[in-house]
Amino acid sequence: MNFTAIDFETAKYSQESACSIGLVKFQDGKAIDTFYSLIRPPKLYIRPDFTKIHGLTVDDVKDAPRFSELWDSSIKPFIGDLPLAAHNASFDMGVLEAVLEWYDLPVPPIPYFCTCKLSRRTWFGLKSHALKALAKNFGIIYEAHNALDDAMTCGKLVLMSAEKHGTSSVEELLNITEQKMGVLG
C-alpha cells in the first residue's frame with residue numbers, strides 16, 4: 001500500500017483559492033511522512049462561512065507562501081511518483097489543477113483515486129460516506145477540516161478498506177472495488 005493522501009482547504013468557492021494543504025505519505029501500509037502548509041490564496045480573502053468550517057482567517061494566511069512557492073520545493077517532491085488518494089477526489093484534484101493553472105505551472109499526469117467512492121464499495125450499509133461520518137463510525141478521532149488531519153483520516157480509510165478486501169496494493173484494491181485510477185490533467 002503505497003500512496004500519498006491529500007487534502008486542501010479553500011478560501012472561497014473558486015478552486016484556485018487553496019489556503020491550506022495536508023499530505024500524508026503511506027509506504028508499505030504505514031504513514032511514514034507528513035507535510036502541512038498554510039497557503040496564501042491569490043486574492044487575500046477568506047469567506048466568513050468558510051472560516052466557520054475550517055477556522056482559517058486572512059490573518060492566518062497573509063504571510064503564508066503562495067502555492068507557486070511550495071509546488072517545486074515541497075509539494076511535488078513530497079508526492080513523488082505515488083498515486084494520490086483524496087476523499088471526494090474531484091474536489092481536491094480540481095483544486096490542485098486550478099492552482100497549477102493559476103500560476104502557469106505545468107499540470108503533471110499524477111494518478112489519483114477517490115476514497116469516498118472506495119468507501120461506498122467497501123462499506124455498503126452505511127448511511128453516510130462523508131469523511132466525518134466514516135471517522136465517527138470507525139472511531140477515528142481527528143480535527144475535521146484540518147487539511148493534515150483530513151489527509152491522515154483519508155489514508156487510514158484506504159488501509160482499512162485494503163484490510164477488509166485482503167489486498168496489499170492500491171492497484172489490486174481498486175481492481176477489487178471496480179474502480180479506475182484517474183489521472184490529473
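**Exercise 1.** Determine which residues form one aromatic cluster with Phe3, and classify the pair of Phe3 and Phe26.

*Solution.* Phe3, Phe26 and Phe113 make up one aromatic cluster. The model is predicted: local features need pLDDT of at least 70, side-chain atom pairs count only at pLDDT 80 or more, and totals for chains, interfaces and linings use all residues. Residues are numbered from 1 along each chain as its sequence is written, and side-chain values use heavy atoms, with hydrogens and water left out.

Step 1. Rings of Phe, Tyr and Trp (its six-membered ring) pair if their centres lie within 6.5 Å; planes under 30 degrees apart count as stacked, over 60 as edge-to-face and the rest as tilted.

Step 2. For phenylalanine 3 and phenylalanine 26, the centres are 4.7 Å apart and the planes make 10°, and the pair is stacked.

Step 3. Phenylalanine 3 belongs to strand β1 (residues 3-10) and phenylalanine 26 to strand β2 (residues 18-27), 23 residues apart; strands are DSSP runs (E, at least two residues), helices likewise (H or I, at least four), numbered from the N terminus.

**Exercise 2.** Classify the pair of phenylalanine 35 and phenylalanine 78, and state whether these residues are buried or exposed.

*Solution.* Step 1. With 6.3 Å centre to centre and 45° between the planes, the pair is tilted.

Step 2. Phenylalanine 35 lies in strand β3 (residues 30-38) and phenylalanine 78 in helix α3 (residues 67-79), so the pair ties together parts 43 residues apart in sequence.

Step 3. Both phenylalanine 35 and phenylalanine 78 are buried (under 20% relative accessible area; exposed is over 50%, partly exposed in between; 1.4 Å probe, protein chains only).
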